[in-house]
Amino acid sequence: MLTFTHDNGEFTLDVQRVAIAGWAGRDQAGVQHHIDELKLLGVAPPSQTPLFYRVTRETLTQASQVAMLGGEGSGEVETCLVSDAAGTLWVTIASDHTDRKLEAVGVAESKQLCAKPIARHARKLSEVIDHWDSLEIESEIEEAGKTVRYQQGTLAELLPVATLMERLPAGIAKDGSLAPDSVLLCGTVPAIGGIRPSPSFTMRLIDPQTGRRIEHRYEVEELEVVA
């Protein structure tokens, strides 16, 4: 069960379905860039774009500390759509934290292995849809004791909400939209300097028209891989 705060209070979500939109860039050159950077890690290219990876609802967490097996995982900032029990769509931010070593074996399997941290605050989609493309997403990591910018872009780089809704697989769609009690991670932007792990991950969704932000930070507890 997740709880989200918003301007007029809060709501809880008994999550039933979770999907992650992969290779969801609007600019095919940008999609290819992400494919290429993952190829360097041994990840096979997708069979089609976009792809919607299903993961279990238990992967979602609003905790500020998460445990990950081994040290091969890294975060990815993603705008996240949440459909509440009534089917109202909300916007928040989430991290598609992924085990990069396992990703070379199977992308779907690697996504299922890791927790998916998600923020505690949300805004109604109707409040931002008219300036959706101007919304900014960014992330930061720790390197050598310093905070480093890891990702930065706008939602103009990713597929529009309407396009994602049209292409949703049957298991998570209802009446041309995201099914109630569902969560959809909507894609990411390239990493600056290449994909790499970090002991912490900070992500933000910024509305430049109002200056409002949704932010979430989590630390990674690395669990030993016992042979």
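Questions and answers on these topics follow.

Author: This is a predicted model, with residues numbered from 1 along each chain as its sequence is written. Local features need pLDDT of at least 70, side-chain atom pairs count only at pLDDT 80 or more, totals for chains, interfaces and linings use all residues, and side-chain values use heavy atoms, with hydrogens and water left out.

Reader: How many aromatic pairs are there by the ring rule?

Author: Rings of Phe, Tyr and Trp (its six-membered ring) pair if their centres lie within 6.5 Å. Planes under 30 degrees apart count as stacked, over 60 as edge-to-face and the rest as tilted. By this rule the count is 4 aromatic pairs.

Reader: Are the rings of Tyr150 and Phe201 stacked or edge-to-face?

Author: Their centres are 6.2 Å apart. Their planes stand at 85°, so the pair is edge-to-face.

Reader: How many residues apart are Tyr150 and Phe201?

Author: Strands (E, at least two residues) and helices (H or I, at least four) are DSSP runs, numbered from the N terminus. Tyr150 is in strand E14 (residues 146-154) and Phe201 in strand E18 (residues 200-207). The pair links distant parts of the chain, 51 residues apart.

Reader: Is Phe201 buried or exposed?

Author: Buried means under 20% relative accessible area, exposed over 50%, partly exposed in between (1.4 Å probe, protein chains only). Phe201 has 2% relative accessibility, so Phe201 counts as buried.

Reader: Which strand holds Tyr218, the partner of Phe201 in a tilted pair?

Author: The rings of Phe201 and Tyr218 are 5.7 Å apart centre to centre, with 45° between the planes. Phe201 lies in strand E18, so the pair ties together parts that are 17 residues apart in sequence. Tyr218 is in strand E19 (residues 212-223).

Reader: Is Ser83 buried or exposed?

Author: Ser83 is found in strand E8 (residues 77-83). Its relative accessible area is 0%, so Ser83 is buried.

Reader: Which backbone oxygen atoms lie 3.2 Å from the side chain of Ser83?

Author: A polar contact is a pair of N or O atoms within 3.5 Å; within protein, one must be able to donate a hydrogen and the other to accept it, and residues adjacent in sequence count only if both atoms are side-chain atoms. The side chain of Ser83 reaches two residues at 3.2 Å. They are Leu178 and Ala179.

Reader: Which elements give two or more residues to the lining of the largest cavity?

Author: On a 1 Å grid over the protein atoms alone, a cavity is a set of points where a 1.4 Å probe fits but cannot get out, and a pocket is an open set with protein on both sides within 12 Å along at least five of seven lines. Lining residues have an atom within 4 Å of a point. The largest cavity is lined by residues including Leu205, Ile206, Arg213 and Ile214. The elements are E18 and E19.

Reader: Which element supplies the largest share of the lining of the largest pocket?

Author: Of the 25 lining residues, the closest to the pocket centre include Trp23 and His34. Strand E3 (17-22), helix H1 (28-39), helix H2 (100-103) and helix H3 (107-113) each supply at least two residues. The largest share, 4 residues, comes from H1.
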